[in-house]
Amino acid sequence: MRLSDLKPYLMIAMLSLSSSILSTVSISAQAKSLELTDIMHFDTLQKPVLADNGAVMAVEAQPDRGNSHVIVKHTDGSNSWQIDLGSQPMVNRDGQFVIATLAPSLLDKETKKKSELTSALVLLNTKNGKQQRFENVKSASFNDSGDYLAIWFDEDKKQKMNQASKMILSKLKNQIKAQSYR
């Protein structure tokens, strides 16, 4: 399916998400007046993605300063989830699985050495809400049909330089029965 075919679905999903956020803001605005510090806590919605069937959408919510998170919603409004510290969401073809990169927190970025910072990945099953976390992830991607997830891990710093990085390939429908490759 081409991106131009998905634009109407994406617009509807974004409007739905925006209206739910705006209704929350208007309810809280009735309780007290809006101040500059409130505005600084608003999130910017970025990188929206939609399953090919239009059933699930994911979007990165990024504050002015602080940690991003990913919002995942069924477009029919039945379920929603949040992946804390998440960014760069990807949804598989049928919307059953969502992955998000977990970057180090703002606090860790400011207090730790760059060599101590690692990225992780969260796999969310939108049927049951279960999240599985993978540490030291370099990159990940679904295959074209969305049935498999490939995860490429950062090389272990303790390994010798001539060894290859680890990669797993997992069939998603059988829930994370992974094969490891070197």
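**Close-up views of a predicted model**

**View 1. Strands β10 and β11 form an antiparallel pair.** Strand β10 (residues 148-153) joins β11 over five bridges; two strands pair if DSSP finds at least two bridges between them. Strands are DSSP runs (E, at least two residues), numbered from the N terminus. Ile 151 has Ile 168 of β11 as its bridge partner. β11 spans residues 167-171. Its covered face holds Ile 168 and Ser 170. Met 167, Leu 169 and Lys 171 make up the uncovered face.

This is a predicted model, in which local features need pLDDT of at least 70, side-chain atom pairs count only at pLDDT 80 or more, and totals for chains, interfaces and linings use all residues. Residues are numbered from 1 along each chain as its sequence is written, and side-chain values use heavy atoms, with hydrogens and water left out.

**View 2. His 74 lies in strand β3 (residues 69-74).** His 74 counts as buried because its relative accessibility is 17% (buried: under 20% relative accessible area, 1.4 Å probe, protein chains only). Leaving aside residues up to four places away in sequence, His 74 touches Ala 55, Val 56, Asn 79, Trp 81 and Thr 126 (contact: heavy atoms within 4.5 Å).

**View 3. The largest nonpolar core has 14 residues.** Such a core is a set of buried Ala, Val, Leu, Ile, Met, Phe, Trp, Tyr and Cys residues joined through side-chain atoms within 4.5 Å. Val 72, Ile 83 and Val 98 have the most contacts inside the largest core. At least two of its residues come from each of β2 (56-63), β3, β4 (80-84), β6 (97-102) and β7 (120-125).

**View 4. A second, separate core has 13 residues.** Among them are Phe 97, Leu 121, Phe 134 and Phe 153.

Terms used. Buried means under 20% relative accessible area, exposed over 50%, partly exposed in between (1.4 Å probe, protein chains only). Helices (H or I, at least four residues) and strands (E, at least two) are DSSP runs, numbered from the N terminus.
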